[in-house]
Amino acid sequence: MKKLRVALVGCGRISTMHLKSTKMLNGLCELVAVCDNKTLRAQDAALEYGVSAYTDHITMLDEAKPDVLHICLPHYLHTRVASDAFKRGIHVLCEKPMDIDYESAVKAVEEADKQGVLYGVVSQCRYNNAARFVKAAIESGRLGKVVSAASFLTWSRSDEYYSMSDWKGTWDKEGGGVVIDQAIHSIDLVNWMINDEIESISCHMANRGHDIVKVEDTAEGFITYKGGARYGFYCMNNYGCDLPIEIKLLCERGRVSMGYDDAYIDYFDGTHEEAHMEAAAAEINYGGGKDYWGIRHVNQIEQFYRACLGEEPLEISGREALKTHRLIISLYEAGGFRKG
Ligand SMILES: NC(=O)c1ccc[n+]([C@@H]2O[C@H](COP(=O)([O-])OP(=O)(O)OC[C@H]3O[C@@H](n4cnc5c(N)ncnc54)[C@H](O)[C@@H]3O)[C@@H](O)[C@H]2O)c1
């Protein structure tokens with residue numbers, strides 16, 4: 001069977017989840033090259049995985065000629081680097097968010113279509129057992145549509161965390177703070193569960209506890225959907241530790257409470273169902289990767305590779321990811337805090 005030739009650009013914190021996944025999926029792919037503009041980072045990753053190191057992604061694409069490029073770069077570089085790959089007929093799996101604006105993301109989706117390549121965007125929490133279980137209950141009609149939703153994210157990103165990065169906490173490179181970087185996962189899960197067109201958005205954002213960055217560290221918002229669903233969220237990254245996200249759903253035929261990879265459904269007919277992380281998933285180990293992010297990169301990457309190999313349709317395509325991306329960017333517009 002053909003194995004995909006895989007390359008990765010951006011050998012920072014999240015790259016571990018991608019690089020380790022290529023090892024776990026070595027029946028489907030072969031990692032051939034890595035790139036980082038910080039030479040040492042590229043060399044360290046290359047040494048660890050026994051592949052070629054590059055400091056310029058164009059040179060890597062032209063010399064290593066991968067079938068797939070993983071993008072683990074600062075947000076503002078996502079679609080421009082994706083575009084360099086699309087032009088060369090290379091499939092792209094890019095970390096969230098799609099970019100720091102909406103227009104670049106739309107252009108990237110169109111370009112991938114035009115070049116006939118696959119464009120996937122990471123949203124690994126959709127592969128949590130609990131999330132899939134609840135989504136299936138909604139789609140089957142057993143739970144019915146979402147009527148009301150609420151999500152809470154209480155994580156910790158200290159001034160020290162921001163001081164260690166040359167792009168996090170900046171409007172021009174990260175595109176925001178807690179909403180675009182951390183709460184995007186819980187907002188995406190709820191938006192995916194509701195799966196309807198948005199009617200209205202209101203949002204408030206503030207920086208309440210960070211001295212060295214100007215982006216928001218707190219936000220709360222309220223979103224209404226054309227079908228009648230209403231969704232309120234709260235997020236902050238000033239908490240003292242990283243708690244599991246919390247999602248509550250009131251559906252037509254029951255109530256849902258979701259934590260990190262736990263879901264509890266109480267149906268109005270008196271029955272109860274629950275789902276948790278399966279034992280096999282608990283064994284997934286990226287070597288110190290943070291589990292409250294979700295550990296499902298390997299599941300999404302496998303799905304992406306199978307789609308590239310023509311075995312199944314791509315699940316989280318750029319077009320699918322645009323739905324949440326549009327919402328995230330609209331929250332900033334409604335929040336009135338951007339560049340504040
Ligand atoms: N899915 C998740 O749960 C999750 C978790 C953390 C981060 N992320 C995402 O992963 C991406 C990277 O985040 P991170 O925390 O790993 O950041 P990071 O700063 O640790 O890593 C980014 C890397 O890109 C390199 N880089 C910057 N410009 C470059 C260029 N022009 N060419 C080559 N390399 C370049 C940097 O040197 C750095 O090593 C972001 O999009 C972030 O939102 C996703």
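Predicted model: local features only at pLDDT ≥ 70, side-chain atom pairs only at ≥ 80, totals over all residues.

W171 and F337 are both buried, where buried means under 20% relative accessible area with a 1.4 Å probe and protein chains only. Residues are numbered from 1 along each chain as its sequence is written, and side-chain values use heavy atoms, with hydrogens and water left out.

How many aromatic pairs are there? The count is five, taking rings of Phe, Tyr and Trp (its six-membered ring) as paired if their centres lie within 6.5 Å, with planes under 30 degrees apart called stacked, over 60 edge-to-face and the rest tilted. The ring centres of W171 and F337 are 6.2 Å apart and their planes meet at 65 degrees, so this pair is edge-to-face. For Y231 and F233, the centres are 6.1 Å apart and the planes at 45 degrees, so that pair is tilted; Y231 and F233 are buried as well. Ring pairs also join W171, Y332 and F337 into a cluster.

Turning to charges, R142 lies over the face of Y267, at 3.6 Å from the ring centre, and R326 lies over the face of Y102, at 4.8 Å from the ring centre; the rule asks for NZ of Lys or CZ of Arg within 6 Å of the ring centre and within 35 degrees of the ring normal.

Key: Buried < 20%, exposed > 50% of the residue type's maximum accessible area, 1.4 Å probe, protein only.
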